[in-house]
Amino acid sequence: MPSSDRRNSATADPAASDAPASTGQSTGQSGGGVQSLERAFDLLERMADAGGEVGLSELSGSSGLPLPTIHRLMRTLVACGYVRQHPNRRYALGPRLIRLGESSSRLLGTWARPYLARLVEETGETANMALLDGDEVVYVAQVPSRHSMRMFTEVGRRVLPHSTGVGKALLAGSSPDEVRAVLARTGMPAATERTITTPEGFLAALEHVREAGYAMDDNEQELGVRCIAVSVPDSPTAAAISISGPAGRVTEAATDKFVPLMHEVAEQLSRALASNGTS
């Protein structure tokens, strides 16, 4: 999700204090939400976008908020355990966020299951949802095919992105420098003889993903298996859905039929994730 889409309310008035405005509202609310809470979450997201560790001046520069306001909010987040302060006085995301993230990932998989079930119903193949967690791909949901010969990936399994369709779909929107940095950290071990094992080859594959609108794992993670994947647009965190099956069933003709359906389901899932449950 573009940064500007989620931060307008937090940066609309950089000079404003955290005190209630003189509008007759006694709760300090702005646009239906508490302004300090909006700003605190905005700072956490900016920290995540910056790699998890930042200084106050960086946060001030990116958010437009004055340093005293940021310092006050960060003190509260540190006290709650959601942020840590290092000896060099820089701030990092705190360990209490891990539990929130793990619970959210499980719920995300639960919300996705009806959409994956539709893919299984209409394609006959196993459907998956995966997220990008750091440098790894983690599967958070699966609905299995009804075929006796079917693919199975354990929910919670982590794989490297270079050998999977979902990995390609998740990284297709990243810059070449970002992709090279990920590959340098993870390495590119060969899972099969078809696995892409060079950064140049992987970058070329990502260019094809952007042109075609979908990603393919063609016997690259497991011989005899093909996987088709598309990203979930505007997801709160990078997400992709996929279908996988024997190469004899997931043919080129099947791919041409499956991809439009997968984009439709991804759009529906995106809208469901964007809904805040209010009328």
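Biologist: What makes β3, β5 and β4 an open sheet in this predicted model?

Modeller: Three strands line up in the order β3-β5-β4, with antiparallel pairing. The edge strands are β3 (53–54) and β4 (83–85), and each of them pairs on one side only.

Biologist: How do you know that β4 pairs with β5?

Modeller: Strands pair if there are at least two bridges between them. Here 3 bridges join β4 to β5 (residues 91–93). Therefore the two count as paired. Their run is antiparallel. Within the pair, Q85 stands opposite Y91 of β5.

Biologist: Which helix lies across β4 and β5?

Modeller: Helix α4, residues 67–80. It runs at about 105° to β4.

Biologist: How many disulfides does the structure hold?

Modeller: It holds 0. A disulfide needs a pair of cysteine sulfur atoms within 2.5 Å.

Biologist: How do you know what span to expect of helix α2?

Modeller: The expected span is 1.5 Å times one less than the number of residues. Helix α2 (residues 35–49) has 15 residues, and 21 Å is expected. From first C-alpha to last, α2 reaches 21 Å, close to that expectation.

Biologist: Which residues of α2 are buried?

Modeller: Q35, R39, A40, D42, L43, L44, R46 and M47. Each falls under the 20% cut-off. Just after α2, G51 takes a positive phi of about 100°.

Biologist: What makes a set of residues a nonpolar core, and which residues have the most contacts inside the largest one?

Modeller: The members are buried residues of the nonpolar kinds, joined through side-chain atoms within 4.5 Å. The largest such core has 29 residues. L116, L119, M129, I228, I241 and I243 have the most contacts inside it. Elements that give two or more residues to this core include α5 (96–123), β6 (126–133) and β11 (239–246). Helix α9 gives the most, with 9 residues.

Biologist: Which residues is L116 in contact with, leaving aside its neighbours within four places in sequence?

Modeller: A127, N128, M129, A141, Q142, V143 and I241. Contact here means heavy atoms within 4.5 Å.

Biologist: How many residues are in the second, separate core?

Modeller: There are 14, including V54, L65, M74 and L77.

Methods. Residues numbered from 1 in each chain as written. Predicted model: local features only at pLDDT ≥ 70, side-chain atom pairs only at ≥ 80, totals over all residues. Heavy atoms only, no water. Buried < 20%, exposed > 50% of the residue type's maximum accessible area, 1.4 Å probe, protein only. Helix = DSSP H or I, 4+ residues; strand = E, 2+ residues; numbered from the N terminus. Axes fitted to C-alpha atoms, helices over the stretch in contact; angles between N-to-C directions.
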